[in-house]
Amino acid sequence: MGKLISRSKNVISHRPTQKNGCKARLRARISAAEGKWEITSFEDQHNHALSPNKARYFLCNREINPHVQRQLVINDIAGIRPNKSHSAQVIAAGGHDNLPFLQRDTRNLIAKVRRIRMGEGDANAIQGYFAKMQSKNEGFFSLIDWDEEGRLKSVFWADPRSRAACREFGDIVTFDTTYLTNRYDMPFAPFVGVNHHGQSILLGCGLVSNEDTNTFIWLFRTWLTCMYDVAPQGIITDQDRAMKSAIEIVFPRTRHRWCLWHILKKVPEKLGSFKEYVRITYAMGNAIFDSQSVEQFECGWKLMVEKFRLEDNVWLSSLYEDREMWVPIYVKKFFWAGMSTTQRSESINAFFDGYVHSKTTLKQFVEQYNNALRDKVEKESLADFNSLHKQLQLVTSFEMEKQIQKLYTESKFKEFQSELCGMMYCGILDVENIGDSKVFNVEEDIAFGENCRKKVVFKVLFVEGTLSVKCTCYRYEFRGILCRHVIIVFIRSGQYLVPDNYIFTRWRKDVRRCHSRVKINYEGWIVTTEQLRYDELCNLFTIVADMASLSEIKYKSVKKWIQDEAKTMAPTTGNCLLPGRTPNDPIIQRTKGRPRSVRKEKIFKRKRVGRAQPEASTAQHEASTSTTTQILGIEEIMESSQFRS
């Protein structure tokens, strides 16, 4: 080895070097007479310890062959992190000792390819990327907001499929900005709806640098312009005052409600210091979840405040003033596609966890967004196939079950079937005649916790002439699925088919959805002719390798043939690097979102002893949640999967 002459001004912190002035070497030259190599000198005295098994650490011995390079690049585009890709190569090679490169080489290769693919700084690159997407996809929408210094502030984009889907499923959306995803800490702000399978569907998204009213006004107006100036009928957000102000300005006729889960998670923080905290939470839960009318809630809340002397609690007072934005009895009279929280947005965030991370650049984020969106489209297509070509078994002989089986998607038929089966826990106590209408008092035996049951009475108003019904559980109004209380009233009245006015078009499988006909050219790994030939040869070599590996003779024959052919092939050349970032990239922001290290929040950490736990079945009737609060506190309800759905 040679000897390094350092030019660093700081002699203490300069880089370590492998050059140590070792004199061991071998010299050779080509003989002029015979044209062969001949050794002229050899020195085998080393000034360092020899370790042949560590030779793979020397730079000259580290190499990534083209086939592995291609696999690593494909993994990166698919959202697989470099350490995982490297681990896969280690396993395939049979250990680190058999792999001719290090994890550092893997990261360097991926970084180099990313720079080549990016070409420019984030701000300019994302602008060019959007221009390319618009040229390949008619209807692709994007808009970038710049500050006075020419820096990127916020960005919004939506593909044609999302825009088409918004016409069908944009009536109810959730909006959440608590997900930090990129190197600039710009919160990911997705608009999320619910499709005909009950799946989350992306309706455009943005990245914002600030979480103030003006930024949200810009984002909401941009989304409204993108979606043909059709505002949603309802929107769910967290308890953010800036969002509330922006929604009142941009969506003045839209019903706005707060995420119930975000509100109740603050209960331990706001009320945990009270001596009677447990009893307060039970009383609060009873008022919130057990009320079947506004009057019942008002009475229950007033009793809680007076009993525990909470009149001076500022937080509870502010909640009561805004009760129409979050208390179930005020909001569940309207259609919300079954959503009571921003969990839809949070589930989208969790979905993107497999594709992006805190070091993701803006252009990388948009590219990985397309990969995740492609996966979402595939899941919806699979659900469409299952609904059209597969049938779930009937569990009763009622004609209405066969009717819904033929009409609804698989997931929504399951919900209806669950209500139909739940009818066995219901019974009609009595019937009141009020003019042309009848009021059925339906008693339901509800199970919760362990070996705990309770009877709850629901009132069903039934007009026989028009076959119109309304239940105090408001399940149909809230979810678009008839409840078990209405079903038993229909059957008692001799109505064995669901009336046409209660067949919810949104859940039908025989409706051709316009967004499913939109074809998207998702930007991603571009396969060239050379790469197609390369992949085809690799597949053929794999077949030959499988057969040749069974015989020593065939193995040697194939190996010799490959080596001979390789000598006739010329080596390929490498790629050049392009410049990096430009000065107009966004400034790294401090946001109101959760820390990037927190991906899953555990809200309540208090130890609970001697209290029953709710069953975590998502198929349970919503009313069971409301009746558990006399035994179960708010903490248990929030942790149950039923509440989170």
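This is a predicted model: local features need pLDDT of at least 70, side-chain atom pairs count only at pLDDT 80 or more; totals for chains, interfaces and linings use all residues.

Residues are numbered from 1 along each chain as its sequence is written, and side-chain values use heavy atoms, with hydrogens and water left out.

Helices (H or I, at least four residues) and strands (E, at least two) are DSSP runs, numbered from the N terminus. Let us take helix α6, residues 213-226. The expected span is 1.5 Å times one less than the number of residues. Buried means under 20% relative accessible area, exposed over 50%, and partly exposed in between, with a 1.4 Å probe and protein chains only. In α6, 10 of the 14 residues are buried, among them Trp218 and Trp223. Just after this helix, Tyr228 takes a positive phi of about 60°.

Helix α10, residues 277-289, has 13 residues and should span 18 Å; its end C-alpha atoms are 18 Å apart, in agreement. Its buried residues include Tyr277, Met284 and Phe289.

Finally, the sheet. Two strands pair if DSSP finds at least two bridges between them. Four strands form an open, antiparallel sheet in the order β11-β12-β13-β14. Its edge strands, β11 (426-434) and β14 (468-471), each pair on one side only. Between β11 and β12 (residues 437-448) there are 8 bridges, and Asp430 stands opposite Asn441 in β12.
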